[in-house]
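Colleague: I'd like to go through this one piece by piece, if you have a minute. Can we get it up on the screen first?

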Amino acid sequence: MLAITRKIIVESGIITEVLHSDNLELIIDGHSYKFPPGATAVVGFVDCHGHIAGYGMRLSEVSLKDCKSIHDCIAKLQNTKLFRGNWITAFGWNHENWTENSLPTKELLDEAFPDTPVYLTRQDGHSALVNSAALKIAYINELTTNPQGGEIVRSYDGKPTGMLIDNAMALVEKHIPDYSLEQYTEFIKTALSELARYGITQAHDMDVETRFVPIFNELELAGEMPVRVKSFVRAQNNEWLRDCVLPYKGNFFKVQGLKYFLDGALGSYGAALTRGYDDNETKSGFLLLDENTLKNRAKRGILSGFDIAIHAIGDSAVNTALNVAEKLRSDSLLEGSGTIRIEHAQMVLPNDLPRFAKLNVVASVQPYHFTSDTNGMAQKRIGSRMRFSYLWESFIQQGATIIAGSDFPIEKPSVIDGIRSFLTRKSSLDGTIISPNERLSIFEALDAYCVAPHRVHNESAHFGCIEAGKTADITVLSANPYLLQNEPEMPIDVLATIVGGKVAFLNS
Ligand SMILES: [Zn+2]
């Protein structure tokens with residue numbers, strides 16, 4: 001069963017009995033957890049596409065988003081304990097929201113941090129404010145010329161003010177040390193416990209740097225993984241081969257697959273389209289790997305026991321990914337082994353749609369990206385091609401499998417928000433429903449988050465159902481999610497997250 005309000009008995013991580021009861025009660029290794037009327041146990045949520053280390057970093061770094069002045073920013077920075085080497089970095093300031101709107105300069109930063117280099121990225125990511133200590137390390141002074149595509153902002157006497165625009169940011173950025181592996185370990189721990197708060201029992205971690213794999217190994221050994229993780233390791237340039245990463249199947253941590261990029265995203269005109277963008281005919285994006293290179297690299301991966309995840313957003317990239325899948329599937333050496341997933345799969349040529357089912361290629365979609373992208377951006381970029389974009393129900397009707405994720409930290413890892421997008425398909429620009437036929441039913445939406453992720457990675461024997469004999473990965477919600485079908489905006493909270501019979505989160 002997918003969602004129930006009964007008494008569930010769990011012993012040593014396995015569901016042993018499901019009994020009748022008026023209200024939900026979990027009895028875990030003899031411990032009773034009672035929930036209020038209406039609370040419902042759902043098969044544990046899986047977020048099928050996210051970036052765990054990046055999410056933890058975002059949660060840990062100082063955010064200057066709510067600051068109202070440079071004084072606010074400095075006050076926040078003075079409390080930080082997070083350094084990169086000896087640098088302080090932070091992001092999110094926006095002087096348009098400040099009481100004093102003029103572009104900031106370095107003087108007050110210099111007073112507060114005379115010796116510590118400081119690098120503060122503006123909210124849009126296109127400029128940064130730095131102090132004199134940072135300028136000195138980067139050898140930037142009145143004699144430094146502006147790099148192409150960038151500007152070192154100067155005062156009337158030609159001296160740098162501390163503001164760096166676009167490509168001038170790189171002059172300083174390249175001197176900032178990376179975080180240490182100890183810091184990354186903390187980021188990963190922070191992210192995992194936050195994911196548990198969202199009811200997530202398992203996350204598929206995308207484009208994982210090879211050096212993070214031992215961190216997860218250690219966390220698993222130490223019993224410090226509240227949430228299960230399947231890693232899809234960075235493979236664009238055969239990093240996994242260089243660093244000798246092989247598939248690994250632990251209980252909470254698995255090295256499951258390899259991740260490749262075929263193109264970029266629509267917002268920055270990086271998605272590879274078969275013809276020009278509607279709002280810029282001269283641009284059509286470009287492929288980051290050619291068909292044969294990707295096929296050969298992926299084949300090597302599948303032969304080593306990996307699954308394959310290919311980032312493809314534009315219709316040309318999706319077409320190429322399907323061509324690669326076709327070649328891999330027809331290779332007698334591989335004999336149909338290896339799950340092949342297309343991450344995002346946002347634009348699909350009409351002729352390519354049936355190929356997903358035919359080639360057994362999984363569409364890994366992010367319903368909330370639809371909501372964010374339809375603020376006008378996607379409509380402008382691809383115009384009438386919206387009709388064949390962000391497909392959901394069409395995949396299912398064609399017999400293909402879709403799995404769902406959030407792409408955290410780009411979006412919040414909220415499965416409930418994702419389900420609302422699946423059910424409503426309302427544009428965030430004006431609330432109109434775009435291609436209503438693509439909406440999913442609540443049953444299909446829950447399948448994409450709770451059941452299909454196990455099916456596509458051949459784990460249905462132990463996961464994806466609340467019944468005796470299955471692993472106790474359970475998300476407890478304040479209401480039955482089936483009610484969202486008729487009332488998609490109904491408030492609904494995560495009350496508890498149980499992973500392998502352990503309480504990863506309890507809302508008390
Ligand atoms: Zn991503």
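Colleague: Let's start with Leu120: which residue is its bridge partner in E11?

Modeller: Bear in mind that this is a predicted model, where local features need pLDDT of at least 70, side-chain atom pairs count only at pLDDT 80 or more, and totals for chains, interfaces and linings use all residues. Numbering starts from 1 along each chain as its sequence is written. E10 and E11 (residues 127-130) run antiparallel and share three bridges, and two strands pair if DSSP finds at least two bridges between them. In E11, Leu120 has as its bridge partner Leu129.

Colleague: How many residues of E10 are buried?

Modeller: Buried means 20 or more other C-beta atoms within 10 Å of the residue's own, with 12 or fewer counted as exposed, partly exposed in between, and C-beta atoms placed from the backbone. On one side of E10 there are Val118, Leu120 and Arg122, on the other Tyr119 and Thr121, and both faces are covered. So, by that cut-off of 20, the buried count for E10 (residues 118-122) is five of five.

Colleague: Zooming out to the open sheet, which strands stand at its edges?

Modeller: The open sheet has six strands with mixed pairing, in the order E8-E9-E10-E11-E13-E12. Each edge strand has a single partner, so one side of it is left without a neighbour in the sheet. The two in question are E8 (62-63) and E12 (150-154).

Colleague: At about what angle does H2 run to E9?

Modeller: Helix H2 (residues 70-78) lies across E8, E9 and E10. Axes are lines fitted to C-alpha atoms, for helices over the stretch in contact (C-beta atoms, placed from the backbone, within 7 Å), and angles run from 0 to 180 degrees between N-to-C directions. Relative to E9, H2 runs at about 140°.

Colleague: Now Gly257: how many other C-beta atoms lie within 10 Å of it?

Modeller: Gly257 is in strand E17 (residues 253-261). Leaving out residues up to four places away in sequence, Gly257 touches Phe232, Phe306, Asp307, Ile308 and Ala309. Gly257 is buried, and its count of other C-beta atoms within 10 Å is 28.

Colleague: Last one: how far apart are the C-alpha centres of domain 1 and domain 2?

Modeller: The chain is divided into domain 1 (1-44 + 470-508), domain 2 (85-173) and domain 3 (181-463), with bounds from an automatic or database domain assignment. Between the C-alpha centres of domain 1 and domain 2, the distance is 50 Å.

Note on methods: Helices (H or I, at least four residues) and strands (E, at least two) are DSSP runs, numbered from the N terminus. Two residues are in contact if their C-beta atoms, placed from the backbone, lie within 7 Å.
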